[in-house]
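Here is a short briefing on one protein model. Look at the structure first, then work through the points by topic.

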Amino acid sequence: MYSYIVSNSSIIPQALQGTAADPVMFMSGRELYLSEEYSKIRNFLFFIATPLEWLLYFLILVMGVSRYFEKVATAQSKWRLVQNAGYLFFLSGFLYIILLPFNYYRYSLSKSYGISTQTLSSWLRDGLVDFAVSFVTMFIIITVLYWLIRKSAKRWWLYAWLLTIPMTLFATFIQPVVIAPLYNDFYPLQNKELETKILEFAGQAHIPATHVYEVNMAEKTNALNAYVTGIGSNARIVLWDTTLNRLLEDEVLFIMAHEMGHYVEKHIYWGIASYLALALVGFWLTAKAMSWLIARYGRLLHIDKVSDVRSFPLFLLILSMLLFLSSPLSNYVSRYQEIRADDYAIALTKDKQAAVSAFQKLTIAGLSEVNPPTLVKWFRYTHPTMLERIQKVDEEESK
């Protein structure tokens, strides 16, 4: 994979050289160098991290670590809820510690290339918040999941999927007001003139928002972002302060129009529906795979039956593999939605120059690779490449 990434580094087609899509035209020599090097490392790390996760789950099973965690947790209490909490705490803590050096390397890499501005203490705090949020979420999942398995060994996957529907809607509803504020401070946009213009766009998009929120991301990153999130009355329009600091007003308005395009196109609902459809297939395949693997390799994996909570790493392993295999399809759908949002933003703002300059500045801020290798695009890119986005706008502008 490393050889593939290096030998297929960003190459600009001859027909696009010298155009607005060519990074030579808007990036300095140093920025080009850093972008190429940073992208190669990040892409390679992605293809390392995923099989590393699978390997860890496998070793936790075959070395009897999962069985040991279950034994210790069971000895602490006769209550199943307490046993589940204990087992999950041991498993989550073990994975957190094992992966900490790898995660720290990724953090230090981002900082060394000037993307991250976050202090070590702040990074560690976010890691602990991640651990806490993940623990609570996984505790609910593991408790409900294994209760369903014990009650219905054949159809637990269907009941688990049915419960996924309200849980997904609930999580989408509370994320902007409960989860996101755990990591950053949100406050009303200070530039009221800009807020008025953004809310005018929001009115045209029928977004039920009366405020635009600003979030203090400059203390953590130099990257740029904005988004419209939540559903119903919890819909929020959010701008990173880095975006406000580094983009011109017309560029900010284009970015916000793009995000509103997702809302108008109902991409969040399509996303939920797609996720639930994939989850149905995923739960079914996971149930079949777990039953077959435990029947055939149960002794090697130290699992007697599917209902043993020690089989949870096997559940996570299979689910992770399925998510990886399905990522080219989900990423393709996401890229199509991003193109639609770009089209909406251009139609709303009627400012193609702002679109091009915004894309160029986004590329520089994130040291993004404008034309990544095909496999990297399939597995990593939820957005069209910057080459494709700038080229599309540039071609329409020249018509």
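Contact means heavy atoms within 4.5 Å. Leaving aside its neighbours within four places in sequence, Glu 70 is in contact with Tyr 87, Asp 308, Val 309 and Arg 310. This is a predicted model: local features need pLDDT of at least 70, side-chain atom pairs count only at pLDDT 80 or more, and totals for chains, interfaces and linings use all residues. Residues are numbered from 1 along each chain as its sequence is written, and side-chain values use heavy atoms, with hydrogens and water left out.

**Terms**

- Helices (H or I, at least four residues) and strands (E, at least two) are DSSP runs, numbered from the N terminus.
- Buried means under 20% relative accessible area, exposed means over 50%, and partly exposed lies in between (1.4 Å probe, protein chains only).
- Accessible areas come from the Shrake-Rupley method with a 1.4 Å probe, and for residues only the protein chains shown count as cover.

**The sheet**

- Four strands form an open sheet in the order S1-S2-S4-S3, with mixed pairing. Two strands pair if DSSP finds at least two bridges between them.
- The edge strands are S1 (186-188) and S3, and each pairs on one side only.
- From one strand to the next, the twist averages 30°. Axes are lines fitted to C-alpha atoms, for helices over the stretch in contact, and angles run from 0 to 180 degrees between N-to-C directions.
- Strands of a sheet pair through backbone hydrogen bonds, either parallel or antiparallel.
- Strand S2 (residues 212-215) runs parallel to S4, and four bridges join them. Here Val 212 stands opposite Ile 237 in S4.
- Strand S3 (residues 226-229) pairs with S4 in the antiparallel sense, again over four bridges. Tyr 227 has Val 238 of S4 as its bridge partner. Thr 229 has Arg 236 of S4 as its partner.

**Strand S4 and its cover**

- Is strand S4 largely enclosed or left open? Five of the five residues of S4 (residues 236-240) are buried, so the strand is largely enclosed by the rest of the structure.
- In a regular strand the side chains alternate between the two faces of the sheet.
- Both faces of S4 are covered. Arg 236, Val 238 and Trp 240 are buried on one side, and Ile 237 and Leu 239 are buried on the other.
- Helix H7 (residues 192-204) lies across S1, S2 and S4, and runs at about 135° to S4.

**A nonpolar surface patch**

- Which residues make the nonpolar surface patch of about 700 Å²? They are Leu 55, Phe 58, Leu 59, Met 63, Trp 292, Tyr 297 and Leu 300.
- Patches are made of residues with over 30% relative accessible area and no salt bridge; like charges are joined within 9 Å, and nonpolar side chains (Val, Leu, Ile, Met, Phe, Trp, Tyr) within 5 Å.
- A salt bridge is a side-chain nitrogen of Lys or Arg within 4 Å of a carboxyl oxygen of Asp or Glu.
- Helix H2 (29-62) and helix H10 (267-301) each supply at least two residues of the patch.
- Leu 300 sits in helix H10. Leu 300 is partly exposed, at a relative accessible area of 46%.

- Glu 70 lies in helix H3 (residues 65-76). Its relative accessible area is 13%, so Glu 70 is buried.
- Phe 26 is in the loop between helix H1 (2-7) and H2. With a relative accessible area of 13%, Phe 26 is buried.
- Leaving aside neighbours within four places in sequence, the contacts of Phe 26 include Gln 360, Thr 363, Ile 364, Val 370 and Ile 390.
- Phe 26 and Ala 75 are 49 residues apart along the chain, and their C-alpha atoms are separated by 63 Å.
- Asn 331 is found in helix H11 (residues 312-349). At 7% relative accessibility, Asn 331 counts as buried.
- Not counting residues up to four places away in sequence, Asn 331 touches Trp 378, Phe 379, Arg 380, Tyr 381 and Thr 382.

**Positive phi in two loops**

- Most residues other than glycine have a negative phi, and most peptide bonds are trans.
- His 206 is not a glycine, yet has a positive phi of about 60°. His 206 is in the loop between H7 and S2. Its relative accessible area is 68%, so His 206 is exposed.
- Leu 367 is not a glycine either, and has a positive phi of about 50°. Leu 367 is in the loop between helix H12 (352-366) and helix H13 (374-380). At 6% relative accessibility, Leu 367 counts as buried.
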